Amino acid sequence: MTARTEAAEPAEAGPGETGRPPLARELLLVAGLFVVYKLGRQLATGHSGEALHHAHAVWDLERGLHLPGEGSVQSALLRDDAVVHLANTYYATVHFPATVAFLVWLYRRRPAHYVWARRVLATVTTAALVLPFAFPLAPPRMLSADGLVDTARVYGPSVYGPPSSDHLSNQYAAMPSLHFGWALMVAVGLIAATRSPWRVLWLLHPLATMVVIVGTANHYWLDAIVATALLGISLAVIHPPHRTAGTAGREAQALGLVPTVPGMADVPEERALAGAGR
């Protein structure tokens, strides 16, 4: 018997499987979510007195929990002007483009994981939209009494203007930190969707984001902790697509962990991703 060696044509998504969603619909969904989030944050502006009161309460709570002071991270950054400028640039330019690039790559290469990641990000972002109404919070850079510096204003670049005249963002919505929540989801999503032995290095993105948001005094440790909790709840409810046993076997063969059996090319290829709902 001679084994067939031609590459199999990609199969259409069968019942219970997730194919690539229509691009136009996805663009409208993602753009709509972003617009709703921006408008929602603007509606939650103001409450400066309450936000500053909450800021002092969060600061005292962190000290009661013996969390390291945000100032210790900032002091390390302030040793070199170039490092501070790089941190400000990272804060201003990496957050949104990195998340968009993540979604675009999943859409093109891992459609089922894309649907899962989009749903998780939408859930976390919706929660982040509600919290500023219930708990407005000024960022630590506004607590000048604690010796923190607004690094973006002093060293640049800055994405915020004076709170009284900045109508494009809500600076009293520090909790949760979507900078960290989205960065952590990017790392989790890429670890789940890829099989490289080096994929754990994607965690460097949220780690760098954590250093940046705290060191630039834009967020508290608790902002990142709350974002992590929201993401954890979302991941517990919205499960990622699973890989089939056949796919796992082929991946093991590709890594050389399992010998290739002659004639296996005759076996119809199974779908790699299954079980994710639209």
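**Two helices and two residues**

A: This is a predicted model. In it, H3 and H9 are roughly perpendicular to each other.

Q: What angle do H3 and H9 pack at, and how far apart are their axes?

A: The angle is about 100°, and the axes are 8 Å apart. H3 covers residues 70-77 and H9 covers residues 204-215. Angles of 65 to 115 degrees count as roughly perpendicular, so H3 and H9 get that label.

Q: Which residues meet there?

A: From H3, Glu70, Val73, Gln74 and Leu77. From H9, Val211, Val214 and Gly215. The residues of this contact divide into 4 nonpolar, 2 polar and 1 charged.

Q: Ok, Glu70 then. Buried or exposed?

A: Glu70, in helix H3, has 0% relative accessibility, so it counts as buried. The cut-off for buried is under 20%.

Q: New topic: where is Thr151?

A: Thr151 lies in helix H7, residues 151-155. Its relative accessibility is 1%, so Thr151 counts as buried.

Q: And which residues does Thr151 touch?

A: Among them are Gln74 and Gly215, again not counting residues up to four places away in sequence. Gln74 in H3 and Gly215 in H9 also belong to the contact between those two helices. Other residues that Thr151 touches include Leu78, Val84 and Asn88.

Conventions. Residues are numbered from 1 along each chain as its sequence is written. This is a predicted model: local features need pLDDT of at least 70, side-chain atom pairs count only at pLDDT 80 or more; totals for chains, interfaces and linings use all residues. Side-chain values use heavy atoms; hydrogens and water are left out. Axes are lines fitted to C-alpha atoms, for helices over the stretch in contact, and angles run from 0 to 180 degrees between N-to-C directions. Helices (H or I, at least four residues) and strands (E, at least two) are DSSP runs, numbered from the N terminus. Angles under 35 degrees count as roughly parallel, over 145 as roughly antiparallel, 65 to 115 as roughly perpendicular and the rest as oblique. Contact means heavy atoms within 4.5 Å. Ala, Val, Leu, Ile, Met, Phe, Trp, Tyr, Cys and Pro count as nonpolar, Asp, Glu, Lys and Arg as charged, and the others, Gly among them, as polar. Buried means under 20% relative accessible area, exposed over 50%, partly exposed in between (1.4 Å probe, protein chains only).
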